[in-house]
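Let's take a walk through this model, one region at a time. Keep the viewer open as you read.

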Amino acid sequence: MPELPEVETVKRGLAKSIVGKTIADFSCDWHKLINKPAAKYKQTIKDLKILSVERRAKMLIVKLSKGLNILVHLKMTGQLVYRGKSKCVVGGHPIKEGANCLPNKFTHVTFSFTDGSQLYYNDVRKFGWLRLYTDVELEKALAAKKMGPEPLSKEFSLKYLQQLTKTGKNRKRVKQFLMENQNLVGVGNIYSDEVCFYAGVMPDKPVEKLTTQQIKKIHEGIQKILKAAIKAQGTTVSDYRNADGSAGGYAKYLKVYQRYGEKCYRCKAKVVRMKIGGRTSHYCPQCQK
Ligand SMILES: [Zn+2]
């Protein structure tokens, strides 16, 4: 599952390709992926212009003219592919068939633009979804998810995090606490491990036992690591690809995630792993307390 830096990377790549284009046609062959009949989609969004591509948590928001929006979640195997005359831009999980033969058997949604280019939504396992919403409906739908703040926003202040360690959801263990969407969004398995290493904190440490200094380091780590990962265009995990089809560059900066049995770069101890709430967590037994 992609995390914040990976979705942000797809968003940026996609924005470069589709903003300013006008929708000429829409089709969908799998009704469960969309929230209204395909004919209704077509009728509503035909002739509308793409104003911007935004992100909230791990979702993409394609903003259209006339106050309409398409909310997209790629989930485990979703992929967006833009194909123009001279370029092809892949965002999300690649599919073996590649971008050369499109649409393919995994293409379930096609947006055609007036300039002859297309945006395809492909999904092998069909866990992802698209929602057509008005501005008001979008606001309602997002509010209903009761998500915490974006970790790189002003709302995610040190004070907020300190308060959260006393009141937040899922306060048992640090890793679970960081991955809980109601506390903050976008941090999953990879970046929670990396943040714990950065802060020198054991991932299974009870949240109530964190010191003020450790909370400060966790807050700092979240910001630094996510920013660096966005800059490196995310981490490529199990074939995840960026909007331009390239692999994310952050993998080479990972300190503990999926480095089981390898030496810690800081102290040379072996990186170990354990299960926390069903998720595998990697950590250095010497550097993290
Ligand atoms: Zn170490």
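Four donors count as tetrahedral if all angles lie between 85 and 135 degrees. Keep that cut-off in mind for the zinc ion in this predicted model: the angles among its four donor atoms run from 97 to 113°, so the site is tetrahedral.

Who holds the metal? The protein donors are the SG atoms of Cys264, Cys267, Cys284 and Cys287, sitting 2.2 to 2.4 Å from the zinc ion. Along the sequence, these donor residues follow the spacing C-x2-C-x16-C-x2-C. Cys264 belongs to the loop between α7 (212-231) and β10 (272-276), while Cys284 falls in the segment after β11 (279-283), so this pair ties together parts that are 20 residues apart in sequence.

Are those two cysteines buried or exposed? Cys264 is buried, with a relative accessible area of 1%. Cys284 is buried too, at 0% relative accessibility.

Now step back to the whole chain.

Met1 is in the segment before α1 (4-18). With a relative accessible area of 48%, Met1 counts as partly exposed, in contrast to the buried Cys264 and the buried Cys284 back at the zinc ion.

Definitions and conventions: Residues numbered from 1 in each chain as written. Predicted model: local features only at pLDDT ≥ 70, side-chain atom pairs only at ≥ 80, totals over all residues. Heavy atoms only, no water. Donors = N, O, S within 2.8 Å, 3.2 Å for Na, K, Ca; no water. Tetrahedral: all angles 85-135°; square planar, octahedral: opposite > 155°, others 65-115°. Helix = DSSP H or I, 4+ residues; strand = E, 2+ residues; numbered from the N terminus. Buried < 20%, exposed > 50% of the residue type's maximum accessible area, 1.4 Å probe, protein only.
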